[in-house]
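Please open the structure in a viewer and keep the selection tool at hand.

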Amino acid sequence: MSAIVEEQAQTTETLPPSRKVPHLEALESEGIHIIREVAAEFERPVLLFSGGKDSAVMLHLARKAFAPAPVPFPLMHVDTGHNFPEVIAYRDALVERLGLRLVVASVQSYIDSGKLRERADGTRNPLQTVPLLDAIADNKFDAVFGGGRRDEEKARAKERIFSLRDEFGQWDPRRQRPELWNLYNGRHKPGEHVRVFPLSNWTELDVWEYVEREGVELPSIYFSHAREVFKRNGMWLTPGEWGGPKDGEIVERKVVRYRTVGDMSCTGAVESVASSIGDVIAEIAVTTITERGATRADDKLSEAAMEDRKREGYF
Amino acid sequence: MTSTVDFESAGARLDRDVELLRFATAGSVDDGKSTLVGRLLHDSKSVLADTLEAVERASRDRGAEGVELALLTDGLRAEREQGITIDVAYRYFTTPRRKFILADTPGHVQYTRNMVTGASTAELVVLLVDARKGVVEQTRRHLAVAALLGVRHLVLAVNKMDLVEFSESAYQTIAVDFAAAAEALGITDHVVIPVSASLGDNVVDASSNTPWYDGPTLLDHLEAVPVGVDAVTQAARFPVQYVVRAPDYRGYAGQLASGVIERDDDVVVMPAGLRTRIVAIDTFDGEVDIAHAPQSVTLRLADEFDVGRGDLIVHPRQEPRVANAFDATICQLSERPLRAGDRVLIKHTTRVVKGVIDSVSHRLDIETLDRGPAESLELNEIGGVVLRVAAPLAIDDYASDRLTGSFLVIDEHDGQTLAAGLVGDPFSARRPQ
C-alpha cells in the first residue's frame, strides 16, 4: 500500500427489511436517472418527439426528472409531411400546454427545395435521416434523446443506452463503448453527438402499463376508431395525398387502431376494438405479432433493414 | 382478423406489479448458449409469431432441419454471416411471476470485456458447460469474473445432457467440480441444473429424462431467486446528480444507489462532511416520507450549503471513506494497455475527476487467482493498481456497495472507456485462507 489518505469505514447499523420493487418503478427510476445524467453533462440536449407513445412516455419521465422546474431542453420532431393530422394536433396542443419549445425538421421542405427526392414507393421514413442530422448540426445539439427500445428489433438489442454517433450520425456496432453499472460515458468530439435511449430496457407492454399507471396522454389513433383504409403489402393504410389508393386498391371502412405512430405511407392499422388503455394492454398481452411486424413496412425491406438505417444515422 | 380478446380476463391476469430480475449468461463457444437463450424465450412463450416465422425462414435458408433457436438471439448481419455473437445483447421476457432483463454475453473473444459489462448490472449469472466436457478453464474464468463483479447467485446449466444419455454420474462429477470452484470464490448460492437446450429438458419444463434430479428447472429458479435484497439492506448512498432550481426551490435530484432515506433524517454531505437534515423528499407526484433504492427522488436539505453534482448524501456514522489515493481492481476493456503514470479521467458515481495510475501492483491469473507482477494491464486482463485522484472521492469497497465502489477509467483525450474499476480488492475479502 502506498500513500493512502482515508478515514476509517464505519460499521452499519441495523437497517429496515427489504421491500419489493415493482418493475415499472425500477424502469421509471432508471429512465429518470438517465435523463438527469444527460441534462447535467451535456450542453445542448434535445428530445425527439414523434407524438408516439414511446416519446410521450419519455417526455413524461423528463417532466418527472426536473419537477418542480420545467424540462430544461427543447423537443424536436422530424415531420415527414405525411404524418397523421391527429398526431400533429396532439403534438401542438401538448407543447402549448407544457410551455415547451419545439424544433420541427421538415422532410417536405427538403423535397420542395430539391435537396431530397421522393422515393418511387412514396415512403418517406428513409428520408428523415438528412433533415434530422442537419437539424442536429444546425442547432448544435450534442445529446439527442430517442424513444427506441431494445425489444423492438434485433439491431436495437445490441445498442447502448448512450450511443455515440460520428459527425455523419453513423452508428458503428463494433466500436461501441462498454456500458457498466449505471455509469454512462457521454464524452464526444466536436461535431459528434450522443443518442440516448432512456427506454432501452422497456418493452411494449411496459410502456402501455406505464401509460395506464401515469395517465399519460396519447394521440387518439392509438385507440379503436372507424377509418377508411385500403390494403397494400398486407397492411391497412390510410388513403391520402401521399400516394394511395391506386391500381385497383379498394378503400374499405374498418374499425382499427394503430400500434405505432409514423409516416402514413408505411404505418399500418390493425383491426381492433380496443378503445381504452386497459383494452390495449389486454390485447398486447395476448397478441402474437410483434409491434413492428404488424405495422411497419420499412422493416420488411430486408432482414437487416434496421441495422442498415441505424448505421446511416436513423433514430 | 378482428381482435377477439377477452379484455376482462386478460386484464385481470396482468393487474399486478411484478419484480424485475437482471441476469446474464456466459459460456464457451459451442456450449449452446444461444440455443439455451432461444429455448428459454421460446418455451416461456416470449417469442411472437412473426419473429418465430422469420427464424424458421432463416433456418430453412441455411439448410437447417427444424428451427435453429440460436437465430432468435443472433442480432447483427455480420454475426449471422459469420455465425458468431459480437457483443452483449439484451433480451426481455416476462412470466406471470417476474419480468426478466437478460444480458446475453458472448464467450469466444473479449470474454472479460463482455462479461464484465453484462455482469455489472446482473444479480444472477447463468454459466453453461457442455456435459461431455465439464468444467473447463473458460468456466472458471467466467465464474471468477462473476464473483469479482459481486454477482450473488450463480447457476451452472449442464447442457447437452442428451449427448451423455442423461447420465447422472456425468452430472454429479460436474456439479462437484463446480461447487468446489464456486465456494473457493466465496459464492454460496449456486445451483447446477442438467439441461438440453436443443430438446428443452429442464429449461422451462421439468424433464422425464432426469428422474434422479429433483432440483428446479432453469426458469423455476429464475422466478424464485430473491432480488433487490442487497440494495436496500446496505447503508444509504445518494449521489447528487442535478440541482433542481425553481422560484423559492432548491432540491438535489438523484437516484438512491443503496439503502433507505427518510424525511427528517440527519445526513452528511460527502466528501465535505457537512452535517444537515432532510426536510423533504420530493417527487413529481408530491412529497414522500421515505425513499428506497433504486428510487429517483429530489431531496431538500435544512441548510443552504453549496451542494452540487458529484456530492454524496449519507447517514452519520455510516460515512464512506474519503480518499485521494486508493487501491483498485481494474478490468481492462480497451486495446490500449494501462500503465503506471497514465493520466486518465475517473468517473465515480456522478463525479468526474482527473487521476493518475500511480502503480500497477499485480496481474490476476483469473483461473488460478494467483497474483503475478505486472508493468501494464492489457485488453481483457484483470489486475490491481494504486490510483491517485485530483480531488478526494467518497468511496466504498466494491464488495460492500456496487455503485459507490465502482468507477470508469476514461481516456482524457479521445473519451474512450478504457477500463472498469472496482474499489479495493474484492477477492482478498472473499478468498478463504
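How many residues of domain 1 of chain A are in contact with domain 2 of chain A? The answer is 20 residues of domain 1, which meet 20 residues of domain 2; two residues are in contact if their C-beta atoms, placed from the backbone, lie within 7 Å.

Before selecting anything, please note that this is a predicted model, in which local features need pLDDT of at least 70 and side-chain atom pairs count only at pLDDT 80 or more, while totals for chains, interfaces and linings use all residues. Residues are numbered from 1 along each chain as its sequence is written, and chains are lettered from A and ligands numbered from 1 in the order in which they are written.

**Chain A: two domains**

Select residues 23–205 + 306–311 of chain A for domain 1, then 220–300 for domain 2; such bounds come from an automatic or database domain assignment. The centres of the two domains, taken over C-alpha atoms, are 24 Å apart. On the side of domain 1 that touches domain 2, the elements giving two or more residues are α3 (85–98) and α6 (204–214) of chain A. Helices (H or I, at least four residues) and strands (E, at least two) are DSSP runs, numbered from the N terminus.

Next, select helix α1 of chain A, residues 23–41. Of its 19 residues, 17 are buried. A residue is buried if 20 or more other C-beta atoms lie within 10 Å of its own, exposed if 12 or fewer, and partly exposed in between, with C-beta atoms placed from the backbone.

Move to chain B, which has ten helices and 25 strands. Of its 433 residues, 55% count as buried.

Select strand β1 of chain B, residues 19–27, where eight of nine residues are buried. β1(B) runs parallel to strand β3 (residues 98–104) of chain B, joined by seven bridges; two strands pair if DSSP finds at least two bridges between them. Within this pairing, Ala24(B) stands opposite Ala103(B). β1(B) also pairs in the parallel sense with strand β4 (residues 124–130) of chain B, over five bridges, and there Thr25(B) stands opposite Val126(B).

Finally, select Val125(B). Together with Val158(B), Val125(B) touches the most other members of the largest nonpolar core, which has 199 residues. A nonpolar core is a set of buried Ala, Val, Leu, Ile, Met, Phe, Trp, Tyr and Cys residues joined through C-beta atoms within 7 Å. Not counting residues up to four places away in sequence, the residues that Val125(B) touches include Phe23(B), Ala24(B) and Leu154(B).

How values were computed: Expected span 1.5 Å × (residues − 1).
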